[in-house]
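Subject: A structure for you to look at

Hello,

Here is the structure I promised to pass on. Please open it next to this email and follow along as you read.

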Amino acid sequence: MSGVDQRKIYQIFLVFLAMFSFALCISSFVSVQQCYTTPCYSGKGLDTLWSVDGGVSFQVVGMSLASFAHVFGSYWILFKSQGDMKKGMLIGVTAVLSLFLLIQSVFWGQESNMVAGLDYHLNGYQFYQDSSDCNVLNSKDCNNLSSKSCVWVNAFYACQKAMSVNDTTKAKFDAVTVFSVLLSLTQATFCYILHTWSDDSLEAQTLSKQRSQAAQQSTQFQTTLNPQDDQTMTSYQTENVRL
């Protein structure tokens, strides 16, 4: 691997990691506390059951920020503060991040499939919920509460809050899934390269390049010597031998 410019390869990987981490950050920020329906289910317990709860929101945001911090840490270790122990720590952290991001992609892919399943199950209809916002006894008063998504349901003979599947939620979950997969694969490849080149530090590569350049300059200098100088040196050595 002596002919490979390791510094350039590392820089390319860090650029891709930074782009995917930034995209994952944006996707995770817009996915936190998202409701599966619009308007959201209300009521203690139901609001977390039909939405992305606080624990999952913290997890996805934390992973995206950790991925971003990993890019800056990698740059610092590889180019600013090199060392075998630090590089070994970087390999371990990269491997763990890759695994966690893969697990995260599976979870959010399942969330996206669930929203798609709810939409298929409704088939153009709506969910209904008893709500204090729609607590009226006749259809006329219920129609006046249409701004609060209240509709009169003849089957129940009651005013209910109508909810449909949130179409934008699935697209946000898909974005988190895709960028988690891309980042996981890039992290895994980056980890493999770090492990493969663990014995070849950038300092050794730089020293090797300097020695190669010095050897080339020495060769060029010898080939540009004046032939007359060589003849003079030879005759001088011959005269010394005769003496």
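Below is what was found in it, beginning with the overall layout.

This is a predicted model, in which local features need pLDDT of at least 70 and side-chain atom pairs count only at pLDDT 80 or more, while totals for chains, interfaces and linings use all residues. Residues are numbered from 1 along each chain as its sequence is written, and side-chain values use heavy atoms, with hydrogens and water left out.

**Layout**

The protein chain has eight helices and four strands; helices (H or I, at least four residues) and strands (E, at least two) are DSSP runs, numbered from the N terminus. Along the sequence they follow the pattern α-β-α-α-α-β-α-β-β-α-α-α. Of the 243 residues, 34% are buried. Buried means under 20% relative accessible area, exposed means over 50%, and partly exposed lies in between (1.4 Å probe, protein chains only).

**The hairpin**

Strand β3 (residues 150-153) pairs with strand β4 (residues 158-165) in the antiparallel sense, over four bridges; two strands pair if DSSP finds at least two bridges between them. Valine 151 stands opposite glutamine 160 in β4. Four residues lie between the strands of this hairpin, and tyrosine 157 takes a positive phi near 50°.

**The disulfides**

How many disulfides are there? The count is three, where a disulfide is a pair of cysteine sulfur atoms within 2.5 Å.

- Cysteine 35 and cysteine 40 have their sulfur atoms 1.9 Å apart. The torsion about their S-S bond is about 100°, so this disulfide is right-handed. Cysteine 35 is buried at 11% relative accessible area, whereas cysteine 40 is partly exposed at 34%.
- Cysteine 134 and cysteine 150 have their sulfur atoms 1.8 Å apart. This pair links distant parts of the chain, 16 residues apart: cysteine 134 is in the loop between β2 (127-129) and α5 (139-143), and cysteine 150 is in strand β3. With -80° about the S-S bond, their link is left-handed.
- Cysteine 142 and cysteine 159 have their sulfur atoms 2.1 Å apart.

If you number the bonded cysteines in sequence order, the pairing is 1-2, 3-5, 4-6.

Phenylalanine 22 is found in helix α1.

Enjoy exploring!
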